[in-house]
Amino acid sequence: MNATSRLAIAYGVLAGCSRAQSALHPAGPQAGRIAALWWLMFWVSAAVFGAVVVGLAIAAVRGRRRGQADVTGAPVANGGDEPGKVAVVTVCTAVTVVVIFVLLVVSVMTDRGLAMLATHDPLTVEVTGHQWWWEVDYDDSTPSQRVTTANEIHIPVGQPVLFKLTSRDVIHSFWIPNLHGKTDLIPGYVTRTWIQADVPGTFRGQCAEFCGVQHAHMALVVVAEPPEKFQAWLAQQRQPAAAPAEPLAQRGHDVFVTGPCVLCHAIRGTIAMSRAGPDLTHLATRGTLAAGTISNTPGHLAGWILDPQSAKPGALMPATSLGSEDLQALLAYLGMLR
Amino acid sequence: MRAIALGVLLTVTITAGCQREQRRFSEVSPATARPDTVRMSQLQPGGARAAATGPYDANGWGAAEGQRLYTWFNCVGCHAQGGGGIGPPLMDDKWIYGSEPANVYASIVQGRPNGMPSFAGKINDAQVWQLVAYVRSMSGQLRKDVRPNRSDHMNVKEPEASKTPERPTSANVPPSAERAQ
């Protein structure tokens, strides 16, 4: 085995240990219940596996001894002379039934526990699945206070959050392993799930239902932060985009609203209002582009605008040809959308 | 002999199927099919030239992408799901500005009098051609296996694939122009 393949295997093993997307590092009450059930099943299965291996070894050794004693070739009665055989089989069957029943009861209790998260004072977040990104709306009774963003969900620590999930095209599945199990997003139907984070942190989520060529690049990030920090973030997201002050950013704004961008994207505070693609009002505050595919740097953003198909083949964003000056102006404008 | 014939038939079938389903994610549109190939008259000196074809005329994926863009870019706002409204219907046999792919391309890119906006500089070429393929499939101008056979909407309209092809006729006056302006 050469060094490269050893490295690849080590990387594969260690990637599973990353805490940013792991059901075994729970950050909330529900993921905690799921992890506890997982560990119980793991240890019970390990014990059963060990017992079966030991039993198999005993049977093999004893059968071999008996075979040596019987070299005359006379037919052996089919184990009928084994002492206590009926008792052993009865006890093993009883133990199996009890173990499976206990696991059944514990998993039903876990399921009930998942559905009984305290529902007082929830924050409501609507998530709409698209091929291949997540639209995120923070509900508010005042329409102007609604916040629309994409691929990045901020939640306050210690407060239950109600997620209303639906899909614009095909079935997707919403899964943030550190916080909860999976919930499907069904076109034309709203599913609900409750999530609560108990510790601050950044958790990666992933679409968990195959939804087309770029299913693997349909990730989202959940940022759990202290309530006051979350409120500050929400208040900032409610602001419309600032008007560009410098001439370069002003030109970028003009490129955006007179060019092809405006047909699919919205920037609140401008005439761009289409909802076919992600809302870009506060694009510069987000950490990734294209649903977690690439990090949000000016270079990546330029590459993404000019040739999205090389970063994410099949993505529904088409290539846009822009002159270098227009591109720089557009980058300056998008970079000031904080 | 029979095995060879079967093999040839299988290859042809499979290859044809590939072309129909081919997804061209990063395509640059053919430069030949520009709106200046549009002809506003059927008359021409000398022998007749073959009508220009659209790059997605034989590509089911392209037509289906056009179907998605038809909603995304709000063609439904005026043409509805093909039955027309503020704008003329697209699923009938009447073509005011021509039924060839290049004609439809020109109508989208240049705009037309009495309300059709120009999308020049807003939609890239490949997407315009996908829209052209879908718009032509609405009245059955494309091959049956290329036309979309399922709609993403809850509606009672028959899918494009089930439509009996209309024979294009030319309608000279846009319906919207008949009214006093």
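1. Confidence overall. The model is predicted. Its scores are ipTM 0.79 and pTM 0.83. Chain B has an average pLDDT of 80, and 78% of its residues reach at least 70.

2. A stretch to read with care. Where pLDDT is low, predicted coordinates should not be read in detail.

3. The sheet in chain A. Look for an open sheet of five strands, ordered β4-β10-β9-β6-β7. Its pairing is mixed. The edges are β4 (152–156) and β7 (183–185) of chain A, and each of these pairs on one side only. On average, neighbouring strands of the sheet are turned by 25 degrees against each other, direction ignored.

4. Inside the sheet. Strands β6 (residues 172–175) and β9 (residues 201–207) of chain A run antiparallel and are joined by two bridges. F174(A) has C207(A), in β9(A), as its bridge partner. In general, strands of a sheet pair through backbone hydrogen bonds, either parallel or antiparallel.

5. A helix on the sheet. Helix α4(A) packs on this sheet. It touches β4 and β10 (219–225) of chain A. The direction of α4(A) makes about 135 degrees with that of β4(A).

6. Aromatic pairs, chain A. Over all chains, the whole structure holds twelve aromatic pairs. One of them is Y138(A) with W233(A), edge-to-face, at 5.4 Å centre to centre and 65 degrees between the planes. Y138(A) sits in strand β2 (residues 133–138) of chain A, and W233(A) in helix α4 (residues 227–238) of chain A. The pair links distant parts of the chain, 95 residues apart. Both Y138(A) and W233(A) are buried.

7. Y70(B) belongs to helix α2 (residues 60–72) and Y134(B) to helix α5 (residues 125–137) of chain B, so the pair ties together parts 64 residues apart in sequence. Y70(B) counts as buried because its relative accessibility is 1%. Y134(B) is buried too, with a relative accessible area of 1%.

8. A ring cluster. In chain A, ring pairs link W38(A), W39(A), F42(A) and W43(A) into a cluster.

9. Arginines over rings. In chain B, R68(B) lies over the face of W72(B), 4.5 Å from the ring centre. R112(B) lies over the face of Y97(B), at 4.9 Å from the ring centre.

Terms used: Residues numbered from 1 in each chain as written. Chains lettered and ligands numbered in written order. Predicted model: local features only at pLDDT ≥ 70, side-chain atom pairs only at ≥ 80, totals over all residues. Heavy atoms only, no water. Phe/Tyr/Trp six-rings, centres within 6.5 Å; stacked < 30°, edge-to-face > 60°. Helix = DSSP H or I, 4+ residues; strand = E, 2+ residues; numbered from the N terminus. Buried < 20%, exposed > 50% of the residue type's maximum accessible area, 1.4 Å probe, protein only. Lys NZ or Arg CZ within 6 Å of the ring centre and 35° of its normal. pLDDT = per-residue confidence, 0-100. Pairing = 2+ DSSP bridges. Axes fitted to C-alpha atoms, helices over the stretch in contact; angles between N-to-C directions. Contact = heavy atoms within 4.5 Å.
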